[in-house]
Amino acid sequence: MQSKLIQVSVGCLIKDDQVLIGQRLARQSHAGEWEFPGGKIELGETPVDALKREFVEETGLTTQNWRLLIRYPWDHGKVQVELHVFVTQDFSGHLQAHEGHEFEWCPINQLQKRAMLVANKGIVRALQLPDRCMITGNFADIDDALNRLKSALAEGIKLVQLRAKKLEKEVFIQLAKQALPICHGHGAKLLLNAKPDWLNEIPQADGLQLSSSAIMDLTERPIADSKWLGVSVHNSAEIAKALELRADFILLSPVKETASHPGEAALGWPAFAEMVKSIPVPVFALGGLTDRDRATAISYGAQGVAAISAYWPQPI
């Protein structure tokens, strides 16, 4: 019989693009590894109440205005927990190590270089990802594509999936090579929606986005851990496969009916939320959504919204 999940609150306290992390003590399991502060939710506490208490006890800091970042279960072997992860920038007081931990403010973009507790991988990824993912749509030629990309980046897009199924490999690579410095110049990540070996042609690209049909024959993660791996899925079997391949994030669709797939059954928000709650990596909601759905998506457990038409600029 499966043991009851222990409910745990975890806090990501942000200051100047850095997050507070603590090193586990010698007497603890996984000694020396780094994690985000938090602890067990006591009887009668809400997750936020528990987090506020834990921060006072561990760090001496008074915190408020926590918002949910991600929630997922984790199997530690003998112990199964459910992590309720929150984020805030609102705190006061002076940092103190009341329980003997070493604390450090770590740049968010450097977290993957730390020996982080493996259960915290999903938290790291959620912190490093924005809440909008733009999938490129139609364009007339490379110049048109690059002009639309520049417009989207000027509007604050920070995660771009370069998707151009009709292009031959050589043209796609040419487009990607020109798009990459533009994205990086705006502080945005560029992922290639392409075959894994195409990434070898553009080693500076940030990662790869794979379709559900492209993952089923894979037996291991197809790219290095230093690159981002996103996977598009539609059901529980595809989610399980994506996690087996150690995807860094998932695009789950269709949340709503889409014009490109008329008549295809949509998940709807309740079913989306039910599927997301067991996924230990960030999930973007996809399918028939606009930017107005972003807050709703987040409230149902999503990292944010992925879309083509909502974010890919139309010709003027």
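1. Helices (H or I, at least four residues) and strands (E, at least two) are DSSP runs, numbered from the N terminus. The model is predicted, so local features need pLDDT of at least 70 and side-chain atom pairs count only at pLDDT 80 or more, while totals for chains, interfaces and linings use all residues. Residues are numbered from 1 along each chain as its sequence is written, and side-chain values use heavy atoms, with hydrogens and water left out.

2. Overall fold. The protein chain has 8 helices and 17 strands. Its radius of gyration (taken over C-alpha atoms) is 20 Å, close to the 20 Å that the globule rule (2.2 Å times the number of residues to the power 0.38) gives for 316 residues, so the chain is as compact as a globular protein of that length. The C-alpha trace spans about 60 × 40 × 40 Å along its principal axes.

3. Burial and contacts. Buried residues (under 20% relative accessible area; exposed is over 50%, partly exposed in between; 1.4 Å probe, protein chains only) make up 48% of the 316 residues. Of the contacts (heavy atoms within 4.5 Å) with a separation of 6 or more, 62% are between residues 24 or more positions apart.

4. Nonpolar cores. A nonpolar core is a set of buried Ala, Val, Leu, Ile, Met, Phe, Trp, Tyr and Cys residues joined through side-chain atoms within 4.5 Å. The largest one holds 56 residues, of which Leu-149, Leu-192, Ile-250, Leu-252 and Phe-272 touch the most other members. Helix α4 (residues 169-185) gives the most to this core, with 8 residues. Leaving aside neighbours within four places in sequence, Leu-149 is in contact with Met-134, Val-160, Ala-179, Ile-182, Cys-183 and Trp-312. A second, separate core has 23 residues, including Ile-21, Leu-69, Val-81 and Met-116. In soluble globular proteins, nonpolar side chains tend to be buried together.

5. Glu-238. This residue is in helix α6 and is buried, with a relative accessible area of 14%. A polar atom of the Glu-238 side chain lies 2.7 Å from the backbone nitrogen of His-234. Beyond neighbours within four places in sequence, Glu-238 is in contact with Ser-212, Ile-215, Met-216 and Val-233. The C-alpha atoms of Glu-238 and Val-124 are separated by 23 Å, the two residues being 114 residues apart along the chain.

6. Salt bridges. A salt bridge is a side-chain nitrogen of Lys or Arg within 4 Å of a carboxyl oxygen of Asp or Glu. The whole structure contains 17 of them. One joins Asp-248 to Arg-221, with the closest N and O atoms 3.0 Å apart. Asp-248 is in the loop between α6 (236-244) and β15 (249-252), and Arg-221 in the loop between α5 (212-215) and β14 (228-233), so the pair ties together parts that are 27 residues apart in sequence. Both Asp-248 and Arg-221 are buried.

7. Two further pairs. Asp-225 and Arg-246 form a salt bridge (2.8 Å, N to O), linking the loop between α5 and β14 to the loop between α6 and β15, 21 residues apart. Arg-246 is partly exposed, with a relative accessible area of 39%. Asp-293 and Lys-256 form another, with the closest N and O atoms 3.0 Å apart. Asp-293 is in the loop between β16 (283-286) and α8 (294-299), and Lys-256 in the loop between β15 and α7 (269-276), 37 residues apart. Asp-293 is buried at 10% relative accessibility, whereas Lys-256 is partly exposed at 32%. Salt bridges that share partners join Lys-121, Arg-125, Arg-221, Asp-225, Arg-246 and Asp-248 into one network.

8. Arg-132. Polar atoms of the Arg-132 side chain lie 3.2 Å from the backbone oxygen of Glu-155 and 3.2 Å from the backbone oxygen of Gly-156. Among the other residues in contact with Arg-132 are Phe-284, Asp-291 and Tyr-311.

9. Glu-155. This residue lies in the loop between α3 (142-154) and β11 (159-162) and is exposed, with a relative accessible area of 62%. The C-alpha atoms of Glu-155 and Pro-313 are separated by 9.9 Å, although the residues are 158 residues apart along the chain.

How values were computed
Polar contact = N/O pair within 3.5 Å; in protein donor to acceptor, adjacent residues only side chain to side chain.
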